[in-house]
Amino acid sequence: LAPKRSHFPGTAKRVIHFFLNGGPSHVDTFDPKPALQTYAGQPLPTGHLRTERHTGAAFPSPFTFTRHGQSGLPVSELFPKIGACADNLAVIRSMKAELPNHEPSLVLMNCGDSILSRPSVGSWATYGLGTENQNLPAFITMCPGGYPIKDAQNWQAGFLPGIYQGTFIDTQHTEIDKLIKHIRNPSIPLATQRAQLEFVADLNRAHSLERGRNPAMEARIQTFELAYRMQMEATDAFNLAAESHAMREAYGDGVHGRQTLIARRLLERGVRYVQLWHGAGQPWDNHDKIEANHRRLANELDQPVATLLTDLKQRGMLDDTLVIFGGEFGRTPTVELNPNGQSILGRDHNPYGFSMWLAGGGIKGGTTHGATDEFGFQAEKQITSVHDLHATILHLLGFDHEAFTHRYAGRDFRLTDVSGQVIREILA
């Protein structure tokens, strides 16, 4: 986990990824489609792509879009504060996944493959760059309320050494002992713990001399060491009382405000990759009542995310921190119907075209890339695959995604498998 050199100087040193679990609707957030109003209540002339559930007529967005900043980037009324940061955002409007199901789409977005067990993006990043703080995990994932669908597969190390797997924290808790289980040993002091670790290390070295190198055992040893070192550093990093009242107010006192402020403190302390999940279930999976549900969900994120962008900029950290914002797919521009064929005012899953945005870390702000069709059903201009997104993330971190590999089972594997192009149009 020592800091390592990338292939070339990267513009980003660290990453923070906001994962909108369940699939937010792009046509209600960052991809306005006025044609839906023209066809409201009518079948779309393009017909239907395959969706998980039955959908009906065109369903115009209930939200208005406003142009923001010098760039005039249109952002939904759902995100007025993020909209005020529009000149920092590069919105990719032509994302495309592979399947209209949460499980494969989650692991595709996080690990680059919808079926096979592969290392996550955060694991690749820490494998390539190490960390700048040996007393904290290099890759931390926060999800209030427990694991999302696919559990720890979303931040797995896969065939990489186990030390590169993400460390999960349930941020519904506020006390450090509940945030990180067993962070303190109530029975013995640090000096005694250190002596125990040295004794175990001697036994492990003897074991290795007799039986040879064992990657699983090495990962376990490093995990013990990290757990010991975390006892002081993590307590400080997660202590929001050290922040001013004004700063805590700016981020907000809800769980997402708290975990976003914690994330900034972790990034300051050298953590390489932080992933912030919006909910353990699929909160953005709004098959019904999308207006009320999306409004409530966006309100939970708008202030913390906008405050983070401003805070990082004021601290001089935005230039080398890559911020990612999006879910595993989008939602249909047609209304979802219940089994009786009646509208339930929601949208079904849509992997054929959706939006994400990136900011900071070498991104050209105030830009859009690609486009969906006039209704927002599928990407049709500068179609962007998940492998393209991953290739771009690695490029910003200083890696040639085709050369950044790990040998496993007789072949060289990479995050982007056998495809992927860097999205150069959004680079500063």
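Visitor: Is G10 buried, exposed or partly exposed?

Guide: G10 counts as partly exposed because its relative accessibility is 33%. Buried means under 20% relative accessible area, exposed over 50%, and partly exposed in between, with a 1.4 Å probe and protein chains only. Keep in mind that this is a predicted model, where local features need pLDDT of at least 70, side-chain atom pairs count only at pLDDT 80 or more, and totals for chains, interfaces and linings use all residues. Residues are numbered from 1 along each chain as its sequence is written, and side-chain values use heavy atoms, with hydrogens and water left out.

Visitor: Okay, and where is G10 placed?

Guide: G10 is in the segment before β1 (14–19). Helices (H or I, at least four residues) and strands (E, at least two) are DSSP runs, numbered from the N terminus.

Visitor: What does G10 touch, leaving out residues up to four places away in sequence?

Guide: G10 touches L396, L397 and G398, where contact means heavy atoms within 4.5 Å. G10 also sits 8.5 Å from D320, C-alpha to C-alpha, although 310 residues separate the two in sequence.

Visitor: Let's look at α3 and α11. At what angle do they pack?

Guide: α3 and α11 pack at about 25°, and their axes are 9 Å apart. That makes α3 roughly parallel to α11. Axes here are lines fitted to C-alpha atoms, for helices over the stretch in contact, and angles run from 0 to 180 degrees between N-to-C directions. Angles under 35 degrees count as roughly parallel, over 145 as roughly antiparallel, 65 to 115 as roughly perpendicular and the rest as oblique.

Visitor: Which residues make the contact?

Guide: From α3 it's L108, M109 and C111, and from α11 it's V386, L389 and H390. By type, the residues of this contact divide into five nonpolar, one polar and no charged. For those classes, Ala, Val, Leu, Ile, Met, Phe, Trp, Tyr, Cys and Pro count as nonpolar, Asp, Glu, Lys and Arg as charged, and the others, Gly among them, as polar.

Visitor: What about α9 (255–268) and α10 (290–314), how far apart are their axes?

Guide: The axes of α9 and α10 are 9 Å apart, at an angle of about 20°. So α9 is roughly parallel to α10. Their crossing is right-handed; a crossing is left-handed if the near helix is turned anticlockwise from the far one by less than a right angle, and right-handed if clockwise.

Visitor: Which residues meet there?

Guide: H256, G257, T260 and R264 in α9 meet E300, L301, P304, L308, D311 and L312 in α10. The residues in that contact divide into four nonpolar, three polar and three charged.

Visitor: Back to β13. What does S355 touch, beyond residues up to four places away in sequence?

Guide: S355, which is in strand β13 (354–359), touches H26, F30, D31, V91, I92 and R93. S355 counts as buried because its relative accessibility is 11%.

Visitor: Last one, the whole chain. How many helices and strands?

Guide: The protein chain has eleven helices and 19 strands. Its radius of gyration is 22 Å, close to the 22 Å that the globule rule gives for 428 residues, so the chain is as compact as a globular protein of that length. That radius is taken over C-alpha atoms, and the globule rule is 2.2 Å times the number of residues to the power 0.38. Buried residues make up 57% of the 428.
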